[in-house]
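Open the model in your viewer and keep the selection tool at hand. This tour tells you what to pick next and what you will find there.

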Amino acid sequence: MISPYDSPVEIAEGVFWIGFYDVSRNLHCNPYLVIDGNEAVLIDGGSRTDFSSVMMKLLQTGIKPSAISHLIYQHYDPDLCSSIPNFEDIIDKDDLNLLSQRENNVFIRYYSVRSRMFCVESIGRELTMKAGRKLRFILTPYAHSAGSFMTFDERTGTLFSSDLFGSYDIKWELFVELTSGCADCEEEEPCPGGKDYCPVKGIKNFHRRIMTSRKALKYAMEQILPLKVERIAPQHGSIIRKKEDIGLLVERLMTLDNVGIDGVC
Ligand SMILES: [Fe+2]
Ligand SMILES: [Fe+2]
């Protein structure tokens, strides 16, 4: 059966979701490709086990692997980094750049990296692609790694949030929409929007287990407030593109209790 997720999905001008729908998992990984003119950058490329599916989608966008100038990794976990050697082999060029944050780079080296590694702080926390698109890097320390950051595409208002806004859920759709009842719902109630699962519950559950503390999560949410965000593209879970949904989730996560160590002691 043909699924819309068998092809890359252009979620904004020049921004492609190149993940895949794995029905057997309750954690979906979302790598993204940003194409501007003849240049592309790959964001949170994915795991070694996912590599062939991601590579297939990447080629379906019509871009040649050699057009990729930067591999961006918003923290150092294997679910986004372990295919680094595979991408390096396919891209196969000496001037490929790997961009992360210095706290991450210490660990990313252990994926047998051969690209030139840079810290986002050494380039002024922004990257301007050759055709002019600007990507800004926003540090979110301890949400969840010391060197975690988000990437903001100014042209389209797309915020690549890495693990922030991720979700654990057996149900999955590429774009999620909350219902009008979500704002007042206590989660234990049957979904006022008639869904057979609760997207807010999956998001809260993920943040309680993955983020380090309420303080770190609140700080990360505060960094989003001044941005003109049109859509949030997380590394797990679903893309959020309604302004009211983004506002509601930022508010809920800003005040979430029992986050990480706070739920232990
Ligand atoms: Fe992570
Ligand atoms: Fe992750």
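This is a predicted model: local features need pLDDT of at least 70, side-chain atom pairs count only at pLDDT 80 or more; totals for chains, interfaces and linings use all residues.

**Stop 1**

Select strands β1 to β7. Together, 7 strands form an open sheet, in the order β1-β2-β3-β4-β5-β6-β7. The pairing is mixed. Which strands stand at the edges? They are β1 (9-12) and β7 (116-119). Each has a single partner strand, so one side of each is left without a neighbour in the sheet. Neighbouring strands are turned by 25 degrees against each other on average, direction ignored.

Zoom in on β2 (residues 15-17) and β3 (residues 32-36). These two run antiparallel, and 3 bridges join them. Pick Val15: the residue opposite, in β3, is Val34. In general, strands of a sheet pair through backbone hydrogen bonds, either parallel or antiparallel.

**Stop 2: helix α6**

Select residues 214-224, which make up helix α6. Colour its buried residues: Arg214, Ala216, Leu217, Ala220, Met221 and Ile224. Why are they on the same side of α6? They cover an arc of only 165 degrees around the axis, which puts them there. Next, show what they pack against. The partners of these buried residues are β11 (158-162), α5 (199-210) and α7 (243-254).

**Stop 3: the loop between β9 and β10**

Go to the loop between β9 (134-139) and β10 (149-153), where His144 is found. A cis peptide bond joins Ala143 and His144, with omega at about 5 degrees. Tyr142 is in this loop too. Tyr142 is not a glycine, yet its phi is positive, at about 65 degrees. Most residues other than glycine have a negative phi, and most peptide bonds are trans. Tyr142 is partly exposed, because 18 other C-beta atoms lie within 10 Å.

**Stop 4: Ser112**

Move to the loop between α4 (102-108) and β7 and select Ser112. Here is another non-glycine residue with a positive phi, about 60 degrees. Is Ser112 buried or exposed? It counts as exposed, because it has 8 C-beta neighbours inside 10 Å.

**Stop 5: Ile170**

Finish in the loop between β11 and β12 (175-176), at Ile170. Ile170 counts as exposed, because it has 11 C-beta neighbours inside 10 Å. Ile170 and Tyr197 are 27 residues apart in sequence. In space, they are 8.9 Å apart, C-alpha to C-alpha.

Key. Residues are numbered from 1 along each chain as its sequence is written. Chains are lettered from A and ligands numbered from 1 in the order in which they are written. A residue is buried if 20 or more other C-beta atoms lie within 10 Å of its own, exposed if 12 or fewer, and partly exposed in between; C-beta atoms are placed from the backbone. Helices (H or I, at least four residues) and strands (E, at least two) are DSSP runs, numbered from the N terminus. The arc is that of the directions from the helix axis to the C-beta atoms. Two residues are in contact if their C-beta atoms, placed from the backbone, lie within 7 Å. Two strands pair if DSSP finds at least two bridges between them. Axes are lines fitted to C-alpha atoms, for helices over the stretch in contact, and angles run from 0 to 180 degrees between N-to-C directions.
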